[in-house]
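Dear colleague,

Please find below the structure that I am handing over to you.

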Amino acid sequence: MDFIKELQSFKTIVEEGTFTKAAAKLNYAQSTVTNHIKKLEEELEVALFLEGKSNVLTLEGELLKQEVPEMIAHWERVKDQLINASHMVEYSLRMGILQPYDILVLPALLHDFAQRYPKIKFEIVVGSTLELTSALKENRIDFALCSLPHEDQFSYEELFQEELCCITSISNPLIINELTDLAGIHLYRSGNGCPARRKIESYLDNCVSSIHWESVSNISTIPYLVEQTGYCSLIPRSIIDQTYAQVKILSIPIPDTRIPIGLLSKQPLMLSPSITKNFVVELKMRLLSLL
């Protein structure tokens, strides 16, 4: 509903202090936030901000400031009551997720939500950041847990940073003390799916001659290939922690080896339906408990 979006814009302006900051928080153009306030003032037939001072509330604006949190909260409660009024309500939750977080958090989380919402339908896409970004563009999913893509047209909330580690086989280890030791070495990588990891790999290409890159579509397979072949790989720590392969982490001087992991969506997830927002809150709690 437009009226709720207008109230949300007003509330965010009050919280952030300016129209510009509110627009950035909501991932809107500033003109959108301005239009929301203009429409809200027309509907209420009052001025909410002093003329010429977009960060100073009128008396009416101060009154609305006191009431708007409860108005929005009331609307959210009404939506929840409508959704939960009957188990006949059907709902599709469509999301994308990186490995290994699909295994680490999804099974128990999907079970819990299926118990609370018996008619819920899950549509889960597991893939790389670029694959999940494409799925979001094509409207096959509504949000994704992934790294930060190159595009800036999406809303992105970083949750934590993932450490990228260099691994080798325990039984047939490579000896790498400095970057030049990587010359002529075979390194596995999981395609072109992560822009942040690709930046690190490009750095290595610029610093070291003749690295042999070997592409593997499934990143969880790489530790087992490293174990058997004696090659090495740059791989997220979460993958290493979940593998049974006999590998060890090498300490090599690569700057900035942390990649962001967060929630990607077309619009801020705070504007999503209540079930999706509840799912996202629970997802974040379970992810952060792993750190």
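The model is predicted, so local features need pLDDT of at least 70 and side-chain atom pairs count only at pLDDT 80 or more, while totals for chains, interfaces and linings use all residues. Residues are numbered from 1 along each chain as its sequence is written, and side-chain values use heavy atoms, with hydrogens and water left out.

Aromatic rings

A pair of aromatic rings is described by the distance of the centres and the angle of the planes. Rings of Phe, Tyr and Trp (its six-membered ring) are paired here if their centres lie within 6.5 Å; planes under 30 degrees apart count as stacked, over 60 as edge-to-face and the rest as tilted. By this rule there are eight aromatic pairs. One of them joins Phe122 and Phe279, a tilted pair with 6.4 Å from centre to centre and 45° between the planes. This pair links distant parts of the chain, 157 residues apart: Phe122 lies in strand E2 (residues 120-126) and Phe279 in helix H11 (residues 274-288). Helices (H or I, at least four residues) and strands (E, at least two) are DSSP runs, numbered from the N terminus.

Phe279 is buried, with a relative accessible area of 0%, whereas Phe122 is partly exposed, at 24%.

Tyr188 and Tyr231 also form a pair; their ring centres are 5.4 Å apart and their planes are at 40°, so the pair is tilted. It too links distant parts of the chain, with Tyr188 in strand E5 (residues 186-189) and Tyr231 in the loop between helix H9 (222-229) and strand E7 (232-236), 43 residues apart. Tyr188 is buried at 8% relative accessible area, and Tyr231 is partly exposed at 28%.

One aromatic cluster is formed by Phe113, Tyr117, Phe122, Phe143 and Phe279. The charged end of Arg116 sits over the ring of Phe113, 4.6 Å from its centre; this requires NZ of Lys or CZ of Arg within 6 Å of the ring centre and within 35 degrees of the ring normal.

The largest pocket

A pocket is, on a 1 Å grid over the protein atoms alone, an open set of points where a 1.4 Å probe fits, with protein on both sides within 12 Å along at least five of seven lines; lining residues have an atom within 4 Å of a point. The largest pocket is lined by 23 residues, and Leu98, Gly127, Ser128, Ser190 and Ile219 lie nearest its centre. Helix H7 (129-137) and strand E9 (258-265) each supply at least two residues of this lining.

Cysteines

The structure holds zero disulfides, a disulfide being a pair of cysteine sulfur atoms within 2.5 Å. For Cys207, the nearest cysteine sulfur is that of Cys166, 14 Å away. Cys207 is partly exposed at 39% relative accessibility, whereas Cys146 is buried at 0%.

Sequence and space

Cys232, in strand E7, is buried at 0% relative accessibility. Cys232 and Arg189 are 43 residues apart in sequence and 9.3 Å apart in space, C-alpha to C-alpha. Ala29 lies in the loop between helix H2 (19-26) and helix H3 (30-44). Ala29 and Gln246 are 217 residues apart in sequence and 50 Å apart in space, again C-alpha to C-alpha.

Yours sincerely

How values were computed: Buried < 20%, exposed > 50% of the residue type's maximum accessible area, 1.4 Å probe, protein only.
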